[in-house]
Amino acid sequence: VWPEVAMELAAAMQQPNVSAQTRQRAPNRLQEVFACSAAAATHGQSVAGRFDDRAIARELVAAQGRLVLASDGEVELRTTEGFQACAEFVQTLGASADCLGCDVADRSYRGAFSRSYRHLFPDGKRRYRMDVLEACVEQLDNFYLNGVCYGLSARTLASGSAMLVAWKQLRALLCEQEAPDSAASLRDLVAAIETLDRAWARFEHRYIQELIGIEDCARSIVAEAVRLERLLRGAERSHGQSSEAARTSRCDLAACVAQLNSVANDRRKGRSDMDAEVLEWAYKVLASRPGRQRDASDVVADQVVKSWLALRTLLRGLRACLTKVDPCLRNNSGLVRRLAEWEDSWELGRRYLGGALGPALRIMARSVMQAMDEAPVFASMCEGCDPELFMVLPRIMWLAFLQHPSELAPIMRDVLPEAFAAADAAGGDPLGADIRTFVDAARRLRSQLQAAMGQQPSSALLVRRAVYGDGACSSLGPLEEQALKSFTLELERWSMAAQRFCPDDWNSCVALILKVVADLQQSRHGHEAQ
């Protein structure tokens with residue numbers, strides 16, 4: 001019954017009262033009818049069967065006519081419209097080949113594909129994919145993955161050229177046969193489709209096999225990191241964490257992680273120089289903790305070690321699912337997140353565990369905690385991260401520097417290097433003329449306030465003025481009050497300069513100080529409770 005219905009429907013489409021929209025949709029509807037009838041009738045068995053083949057061929061010709069062509073006459077695949085039109089043509093080509101009874105090339109090679117590609121090609125059906133056609137038509141001979149250029153072999157390129165020839169021959173045949181009604185033209189169409197199918201299968205086989213090899217190569221650095229982590233775990237179990245074997249394994253793993261970070265970590269700098277020295281500093285700090293009070297270096301060392309252990313935990317989890325790792329390594333969000341955390345912690349440890357910044361951080365943290373004791377409102381700001389905190393904290397830090405200029409110069413130089421640039425160039429006073437003038441003015445003000453206030457410490461008044469502003473209560477005379485106001489304006493100028501010179505460095509420094517202070521406050525409260 002289906003072929004007869006199809007013939008009546010095709011005849012009805014030629015009536016003048018049928019709308020253009022209906023005619024446009026008719027070929028797709030006819031294709032569904034022909035697909036049903038093809039299962040019930042052998043190819044060429046009756047006039048109705050030949051009518052099915054002719055209608056299928058006409059639908060394929062129509063799909064060919066909808067292709068978007070570039071200026072050189074080739075199929076346009078770089079625009080959305082052109083890609084979609086070609087995808088529809090390829091889909092129609094696969095369905096037409098099945099309906100016309102075209103032979104299917106052997107695709108048993110797909111059983112050797114990796115798991116991810118077997119998911120895309122689960123059986124021996126044609127399953128034409130646009131990415132395979134795109135590699136053929138665009139003649140991709142090399143491409144970059146993780147910053148490395150990979151090239152296809154000459155054998156694969158030759159298969160792609162043969163497929164491209166068969167593709168062009170089929171398109172040329174469809175362009176010539178606007179209405180392939182004769183049996184000869186249908187035989188030519190079937191032969192062209194079968195030729196393209198065989199060429200497509202050969203290129204797909206070689207192209208996908210090379211892609212699998214390239215992806216394995218791209219993942220090799222992750223596999224090496226997983227292997228080195230396993231060796232480090234074994235060395236730590238057998239010889240101890242501080243043994244020479246464990247240190248050697250840590251160096252190897254850290255070097256591999258640094259290389260992995262350089263190609264995968266696009267959230268940060270992607271450093272490749274992250275050796276194990278910072279990690280050894282952190283372990284040394286933590287090993288010396290028993291018997292002494294916790295300080296800022298412990299907080300930094302904890303962060304370094306925790307980020308390192310979190311990265312190692314991730315690598316252990318990847319051991320059982322390496323094939324699921326995206327070969328474009330920066331697409332693995334979990335891996336990139338752990339690498340970014342390790343890079344941040346490594347930079348923090350390098351700055352604050354291995355040089356003069358470590359002692360400066362300890363003094364700065366103690367000064368901030370002392371200011372919290374002298375001004376409870378400031379303590380509340382720190383606990384709640386109030387917006388006012390980020391105006392008050394720079395003043396507190398500068399006041400701490402003015403009391404300990406030599407000890408805290410490294411940390412202020414780190415966030416405001418331009419203020420010390422003149423001193424570095426001259427090679428004389430390490431503070432420079434501007435900073436030295438500010439330090440001397442603060443020393444004279446403290447002496448003046450101390451003389452006016454007697455036994456009351458002038459530093460506490462400066463802290464309260466930095467926190468409360470002019471509302472801070474004081475019993476100063478007019479001269480001392482005027483001097484204090486002038487100093488407060490100068491303090492505010494330097495505070496704004498520190499925040500504006502390099503906001504990222506300043507924010508990083510402030511975040512670390514607040515973290516250290518919060519940790520030390522919690523530790524102090526714990527000791528008091530005990």
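The following legends describe close-up views of a predicted model.

Residues are numbered from 1 along each chain as its sequence is written, and side-chain values use heavy atoms, without hydrogens or water. Because the model is predicted, local features need pLDDT of at least 70 and side-chain atom pairs count only at pLDDT 80 or more, whereas totals for chains, interfaces and linings use all residues.

**View 1. Overall fold of the protein.** The protein contains 21 helices and two strands; these are DSSP runs, helices being H or I with at least four residues and strands E with at least two, numbered from the N terminus. Of its 530 residues, 46% count as buried (under 20% relative accessible area, 1.4 Å probe, protein chains only).

**View 2. Surroundings of Arg-107.** Arg-107 lies in the loop between helix 4 (80-99) and helix 5 (115-120), and is buried with a relative accessible area of 3%. Beyond residues up to four places away in sequence, Arg-107 touches Gly-124, Lys-125, Arg-126, Tyr-128, Asp-197, Trp-200, Ala-201 and Glu-204 (contact means heavy atoms within 4.5 Å). The side chains of Arg-107 and Asp-197 are joined by a polar contact of 2.9 Å; such a contact is a pair of N or O atoms within 3.5 Å, and within protein one must be able to donate a hydrogen and the other to accept it, with residues adjacent in sequence counting only if both atoms are side-chain atoms.

**View 3. The largest nonpolar core.** A nonpolar core is a set of buried Ala, Val, Leu, Ile, Met, Phe, Trp, Tyr and Cys residues joined through side-chain atoms within 4.5 Å. Among the 100 residues of the largest one, Phe-378, Trp-398, Phe-401 and Ile-411 touch the most other members. Apart from neighbours within four places in sequence, Ile-411 contacts Leu-357, Ala-360, Leu-361, Met-364, Cys-509 and Ile-513. A second, separate core of 50 residues includes Ala-57, Ala-97, Leu-152 and Ala-201.

**View 4. Helix 9 and its packing partners.** The buried residues of helix 9 include Ala-246, Arg-250, Leu-253, Val-257 and Asn-261. Buried residues of this helix pack against helix 8 (183-239), helix 10 (277-287), helix 11 (296-318) and helix 12 (333-352).

View 5. Strand 1 (residues 142-145) and strand 2 (residues 148-151) run antiparallel and are joined by four bridges; strands pair if DSSP finds at least two bridges between them. Tyr-150 in strand 2 is the bridge partner of Phe-143. Two residues separate the strands, and Asn-146 takes a positive phi near 60° in this hairpin.
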